[in-house]
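Q: I would like to go through this chain with you before looking at it in detail. Could you take me from the overall fold down to individual residues?

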Amino acid sequence: MKSTGMIRTVDKMGRVVIPKEIRAQLNVENEVDSFEIYMDGNKVVLQKYKPTCIFCGAFSKIVYYEGHIVCKDCIEKLSALKETAE
């Protein structure tokens with residue numbers, strides 16, 4: 001991991017500002033994009049959030065169904081599976 005040399009403090013509300021230079025490298029648009037936050041050992045990782053299909057991980061041609069993200073290809077496969085099960 002490359003150090004940027006940038007240090008940000010945590011404010012009273014627990015927030016940290018992501019530097020403009022990093023947001024630009026990730027093509028992050030304010031009030032549009034989101035970040036996924038998770039722990040990796042003793043590190044906090046911020047990753048630009050990309051919604052992906054719960055079955056295959058695709059991020060194109062996705063739809064939201066009852067709180068889940070499914071791609072159209074998997075919907076077609078599930079539909080075909082349903083027809084063979086009947």
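Q: To begin with, what kind of model is it?
A: The model is predicted.

Q: How many helices and strands does the protein chain have?
A: The protein chain has two helices and four strands.

Q: And what pattern do they follow along the sequence?
A: The order is α-β-β-β-β-α. Helix α1 covers 20–25, and helix α2 comprises residues 72–85.

Q: What is the radius of gyration of the protein chain, and what would a compact globule have?
A: The protein chain has a radius of gyration of 19 Å, whereas a compact globule of 86 residues would come near 12 Å. The C-alpha trace spans about 60 × 30 × 30 Å along its principal axes.

Q: What share of the residues counts as buried?
A: Of the 86 residues in the protein chain, 9% are buried.

Q: What about contacts between residues 24 or more positions apart?
A: They make up 3% of the contacts in the protein chain that have a separation of 6 or more.

Q: Changing topic, how many positive and negative side chains are there?
A: The protein chain carries 13 positive and 12 negative side chains. The centres of these two sets are 9 Å apart.

Q: Now the strands. How do β1 and β2 pair?
A: Strand β1, residues 35–40, pairs with strand β2, residues 43–48, in the antiparallel sense. Six bridges join these two strands.

Q: Which residue in β2 is the bridge partner of D40?
A: The partner of D40 is K43. Two residues lie between the strands of this hairpin, and G41 there takes a positive phi near 65 degrees.

Q: How many bridges join β3 to β4?
A: Strand β3 (residues 62–65) and strand β4 (residues 68–71) are joined by four bridges and run antiparallel.

Q: How do side chains alternate in a regular strand?
A: In a regular strand they alternate between the two faces of the sheet.

Q: What is the phi of E66?
A: The phi of E66 is near 50 degrees, a positive value in a residue other than glycine. E66 lies in the loop between β3 and β4, and the hairpin there has two residues between its strands.

Q: Is E66 buried or exposed, and why?
A: E66 counts as exposed because its relative accessibility is 65%, and the cut-off for exposed is over 50%.

Q: Where is N27, and what is its phi?
A: N27 is in the loop between α1 and β1. Its phi is positive, about 55 degrees, although N27 is not a glycine.

Q: Why does N27 count as exposed?
A: N27 has a relative accessibility of 57%, so N27 counts as exposed.

Q: Back to β2 for a moment. What is V45 in contact with, leaving aside neighbours within four places in sequence?
A: V45, which lies in strand β2, is in contact with E36, I37, Y38 and D40.

Q: How far apart are V45 and E66?
A: The two residues are 21 residues apart in sequence, and their C-alpha atoms are 28 Å apart in space.

Q: Let us turn to the segment before α1. Is K12 buried or exposed there?
A: K12 is found in the segment before α1. K12 counts as exposed because its relative accessibility is 87%.

Q: What separates the C-alpha atoms of K12 and D33?
A: The C-alpha atoms of K12 and D33 are separated by 24 Å, with the two residues 21 residues apart along the chain.

Q: Finally, where is A85 found, and is A85 buried or exposed?
A: A85 is in helix α2. With 67% relative accessibility, A85 counts as exposed.

Q: And how far is A85 from I37?
A: A distance of 39 Å separates the C-alpha atoms of A85 and I37, which are 48 residues apart along the chain.

Methods
Residues numbered from 1 in each chain as written. Predicted model: local features only at pLDDT ≥ 70, side-chain atom pairs only at ≥ 80, totals over all residues. Heavy atoms only, no water. Pairing = 2+ DSSP bridges. Rg over C-alpha atoms; globule rule 2.2 N^0.38 Å. Buried < 20%, exposed > 50% of the residue type's maximum accessible area, 1.4 Å probe, protein only. Contact = heavy atoms within 4.5 Å. Lys, Arg positive; Asp, Glu negative; His and termini not counted. Charge placed at Lys NZ, Arg CZ, Asp CG, Glu CD.
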